[in-house]
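Work through the exercises below with the model open beside you. Try each task before reading its solution.

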Amino acid sequence: DGGLGDHFGQGVRISGDTIVASAPSHNSQAGAVYVFVKIGAVWTQQNKIVSPSYNIPNGYFGYSIDLDQDEIVVGAPYANENRGEAYNFHRDNGVWTRVATFGASDTFFYGTSVSISGDYSVVGMVGAQNTDSGKAYLHERTYGTVDDWHSLGPLSITAPIGSYCGQAVSISYESIIVGCPREPVNGISSGTAYYFYHFAGNIGPGVRIVPPDAANDDYFGSSLSEKNNVLVIGANSKTINGNYGQGAAYIYYPSQYSLGPPIELIDPNGQAYDNFGFSMAVDGSQMIIGSYGKDVTPYGFRQSNRIAAPTTAGQDRGAMFTYENQYVASPTAAHVPIRGRILNASGNGIGGVVIEIRDENGHIVANGLSNPFGYYGVENIEVGNSYLVTASSKRFVFTNNPRLVSLNDELLDLDFVAESP
């Protein structure tokens with residue numbers, strides 16, 4: 001039942017033998033989501049999912065989607081007079097049923113981005129540009145149930161108005177990532193992302209991610225993907241060698257409670273307005289990065305690690321870049337971990353303490369977070385340099401903090417002890 005201007009395929013996801021594809025402009029922008037299942041070697045449509053307000057135009061149901069086995073979450077950021085909504089659907093014996101509807105009365109464009117993993121989902125909303133910094137809301141399903149979803153509220157992010165926090169979100173087993181592509185850290189719209197550790201509904205403080213070469217109009221955090229402890233974040237408007245909008249992507253390796261320094265990826269043959277990093281997907285050792293503005297010469301379907309549509313050459317044809325293990329491997333042995341424990345005056349561990357590591361020029365090179373038992377670890381720090389390591393907490397003050405260290409080998413016992421209350 002597709003029609004002109006439906007924008008079918010604006011969002012696509014795959015999980016096992018199930019594919020979902022959205023058409024947010026279907027039926028006068030009411031929107032729809034289509035579910036396909038693989039039977040033998042053939043993909044067959046299983047369902048068409050629509051919003052409760054299917055006959056009301058301009059909701060853009062399917063503007064964002066995500067899929068995890070028998071669970072779908074769908075965003076409709078223009079529903080309810082642009083306040084937005086998000087919907088959870090569950091599949092039972094091939095039938096998809098709406099089991100939850102979420103929205104926020106104090107904001108706009110709720111459902112700009114969505115992500116789901118197991119019993120948790122996260123929904124982003126960018127808010128009104130002149131009044132809101134944007135937010136990301138975490139939702140939880142009671143273990144063992146199908147439809148008992150409830151909101152845990154917004155994640156704690158402190159960013160100025162107009163930061164567009166929530167334009168991109170991702171949740172996995174223990175990680176939540178929220179992109180704020182217009183947060184002005186090292187220039188206007190240089191962008192940031194926030195990393196949260198979560199376990200059983202307990203959320204650690206957000207660790208702000210800023211690439212070391214952040215600059216004006218990078219829009220870092222406009223896209224992101226995380227899987228199997230590999231996180232990739234796009235900065236699709238970044239200027240490279242004078243080419244505005246050529247774009248870049250950054251790979252991080254979050255351990256359970258920390259982030260190491262990034263590896264930056266660019267297209268070595270890129271040009272202005274390629275928008276490398278506009279979209280991406282990662283699955284551990286394999287990764288795809290989209291560059292929708294790339295001008296491609298007619299090499300056919302595949303050339304090295306670049307994939308382009310098998311047609312004639314043309315301006316802004318676009319391309320995808322694939323990366324294998326060697327592109328996402330951890331840095332070499334010249335990098336080592338800094339680890340330790342955060343303790344109170346009685347010798348018990350303190351969780352949720354942010355560890356920040358800066359180089360001699362004051363630039364943040366890595367962040368970490370102590371686990372519920374107080375242990376932290378920040379991986380892949382380059383040896384041969386001096387670093388200032390700081391422990392930060394709203395509840396505690398630590399002795400001998402910050403700590404200046406000269407790193408020549410792995411450092412496994414850099415502990416911080418809180419002062420007695």
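**Exercise 1. Which backbone oxygen and which side chain does the side chain of K238 reach?**

Step 1. The side chain of K238 comes to 2.9 Å from the backbone oxygen of D213. Step 2. A polar contact also joins the side chains of K238 and D218, at 2.9 Å. Such a contact is a pair of N or O atoms within 3.5 Å; within protein, one must be able to donate a hydrogen and the other to accept it, and residues adjacent in sequence count only if both atoms are side-chain atoms.

A note on the source: this is a predicted model, where local features need pLDDT of at least 70 and side-chain atom pairs count only at pLDDT 80 or more, while totals for chains, interfaces and linings use all residues. Residues are numbered from 1 along each chain as its sequence is written, and side-chain values use heavy atoms, with hydrogens and water left out.

**Exercise 2. Describe Y252 and its surroundings.**

Step 1. Y252 belongs to strand β20. Step 2. Y252 is buried, at a relative accessible area of 4%. Step 3. Leaving aside neighbours within four places, its contacts include I209, V210, F220, L231 and P262. Step 4. From Y252 to E264 is twelve residues in sequence and 9.2 Å in space, C-alpha to C-alpha.

**Exercise 3. What lines the largest cavity?**

Step 1. On a 1 Å grid over the protein atoms alone, a cavity is a set of points where a 1.4 Å probe fits but cannot get out; a pocket is an open set with protein on both sides within 12 Å along at least five of seven lines; lining residues have an atom within 4 Å of a point. Step 2. The largest cavity has a volume of about 100 Å³, a volume being the space filled by probe spheres set on the points, which are joined across faces, edges and corners. Step 3. It is lined by 14 residues, with V210, Y252, V365, A366 and N367 closest to its centre. Step 4. β17 and β30 each give two or more lining residues. β30 has the largest share, four residues.

**Exercise 4. Which residues lie nearest the centre of the second largest pocket?**

Step 1. They are P205, G206, V207, V354 and K394, out of 25 lining residues. Step 2. The pocket holds about 650 Å³ of space. Step 3. β15 (192–199), β17 (207–209), β29 (354–358) and β30 (364–369) each supply at least two lining residues.

**Exercise 5. Find the largest nonpolar core.**

Step 1. A nonpolar core is a set of buried Ala, Val, Leu, Ile, Met, Phe, Trp, Tyr and Cys residues joined through side-chain atoms within 4.5 Å. Step 2. The largest has 21 residues; I338, I342, Y376, I381, F398, L414 and F416 touch the most other members. Step 3. Another core, of 19 residues, lies apart from it and includes I177, Y197, V207 and L231.

How values were computed: Buried means under 20% relative accessible area, exposed over 50%, partly exposed in between (1.4 Å probe, protein chains only). Contact means heavy atoms within 4.5 Å.
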